[in-house]
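Q: Hello! I am new to reading structures, and I would like a close look at one part of this one. Could you take me through the place where protein meets DNA?

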2 protein chains.
Amino acid sequence: MVNTQGGLDAVFSALADPTRRRIVERLARGPLTVGELGAGFSISQPGISKHVRVLEECGLLKRDVVGRVHRCTLSPKAIRSASSWMEKQYAFWNAALDRLGDILDEPSKRKKKR
Amino acid sequence: MVNTQGGLDAVFSALADPTRRRIVERLARGPLTVGELGAGFSISQPGISKHVRVLEECGLLKRDVVGRVHRCTLSPKAIRSASSWMEKQYAFWNAALDRLGDILDEPSKRKKKR
DNA sequence: GGTATATATAACCTTATAGTTATATAACCT
DNA sequence: AGGTTATATAACTATAAGGTTATATATACC
């Protein structure tokens, strides 16, 4: 927890919790109030409130307060940044696969350069 | 942490740590031994060892033990499953955007439909 | 065999997290 | 005003997570 670089940290951390992933899954189907989000989970109302807050702070969720009701919507920018981090690693990996054949063939005693 | 559904949980949890994401970034460029992975981080050798273990257990990393050296490679299957979870939510969200216009225009007392 | 190297394990500490219950705030409704 | 509803905050507890140092294990080298 020393290095909290660029938002990504908070997004992945938020998505690490299965309850929060389920909340995101629900929100991806359309906006819901905090109360509606809580229905179906077996955790307390303050519990849901805290999860919603975490998702909000990392940018995955936006809140529209109307009266006493808080309507939550998914804000896909954050999910996009996390997803693109993954895509990037994937792309690097594919690029590395070329060089890889060479390295893997190395029987631990050959420092040849091609 | 009551609901540990399908691997995804462990993968997101692993990626929540910035040190482990940096390890993944390095591995995406090509295989490295545990020792090589540790170089450049300011944490102790056992610290690295534990991070590597976490990445291995969630399926992001594979280990090839040759002699006393452990060569680590990225195993992109896990990253793919996490990434596709995100893509799925994204897709649902886009689908929801159609229905959304209707809902968002409703000012809780809506006097107009467009 | 003895020593150095690569990595893992054990034991421990500290901080963070997810959950709880109880209470507060604010909006809506007679 | 009084009561109900929606959500947040406070205070607390338990467990997990990341870090450490010290030690163990296994391989390599002379």
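Which elements each supply at least two residues of the surface near DNA strand C?

A: First, a word on what you are looking at. This is a predicted model, in which local features need pLDDT of at least 70 and side-chain atom pairs count only at pLDDT 80 or more, while totals for chains, interfaces and linings use all residues. Residues are numbered from 1 along each chain as its sequence is written, and chains are lettered from A and ligands numbered from 1 in the order in which they are written.

Now to your question. The elements are α4 of chain A together with α3 (34-38), α4 and β3 (69-74) of chain B. Here helices (H or I, at least four residues) and strands (E, at least two) are DSSP runs, numbered from the N terminus.

Next, turn to DNA strand D. It is surrounded by 24 residues, the closest being A:Gly35, A:Pro46, B:Ser44, B:Gly47 and B:Gly67. At least two residues each come from α3 (34-38), α4 (45-57) and β3 (69-74) of chain A and from α4 (45-57) of chain B. The surface near DNA strand D has 10 nonpolar, 11 polar and three charged residues.

How are the two chains related? Chain A superposes on chain B by a rotation of 180 degrees with 0.0 Å of shift along its axis (RMSD 0.0 Å). The two copies are therefore related as by a two-fold rotation axis. The superposition is by least squares on the C-alpha atoms of residues with pLDDT of at least 70 in both copies.

The chains also touch each other, with 34 residues from chain A and 33 residues from chain B in the contact. On the side of chain A that touches chain B, α1 (8-15), α2 (18-28) and α5 (76-105) of chain A each give two or more residues. The largest share, 14 residues, comes from α5(A). This side of chain A has 19 nonpolar, 10 polar and five charged residues. Because 97% of the interface residues of chain A are also interface residues in chain B, the copies meet through the same surface. Two residues are in contact if their C-beta atoms, placed from the backbone, lie within 7 Å.

Let us go back to β3, beginning with chain B. An open sheet of three strands there has the order β1-β3-β2, with antiparallel pairing. Its edge strands are β1 (32-33) and β2 (61-66) of chain B, each pairing on one side only. Strands pair if DSSP finds at least two bridges between them, and β2(B) is joined to β3(B) by six bridges. In chain A, β2(A) and β3(A) form a hairpin with two residues between them, and A:Gly67 in the turn has a positive phi of about 65 degrees.

Helix α4 of chain B holds B:Ile48. This residue counts as partly exposed because it has 18 C-beta neighbours inside 10 Å; a residue is buried with 20 or more other C-beta atoms within that distance, exposed with 12 or fewer, and partly exposed in between, with C-beta atoms placed from the backbone. Beyond four places in sequence, B:Ile48 is in contact with B:Val34, B:Leu37, B:Gly38, B:Phe41 and B:Ile43.

Where pLDDT is low, the predicted coordinates should not be read in detail.

Key: A residue is near a molecule or strand if its C-beta atom, placed from the backbone, lies within 6 Å of it. Ala, Val, Leu, Ile, Met, Phe, Trp, Tyr, Cys and Pro count as nonpolar, Asp, Glu, Lys and Arg as charged, and the others, Gly among them, as polar.
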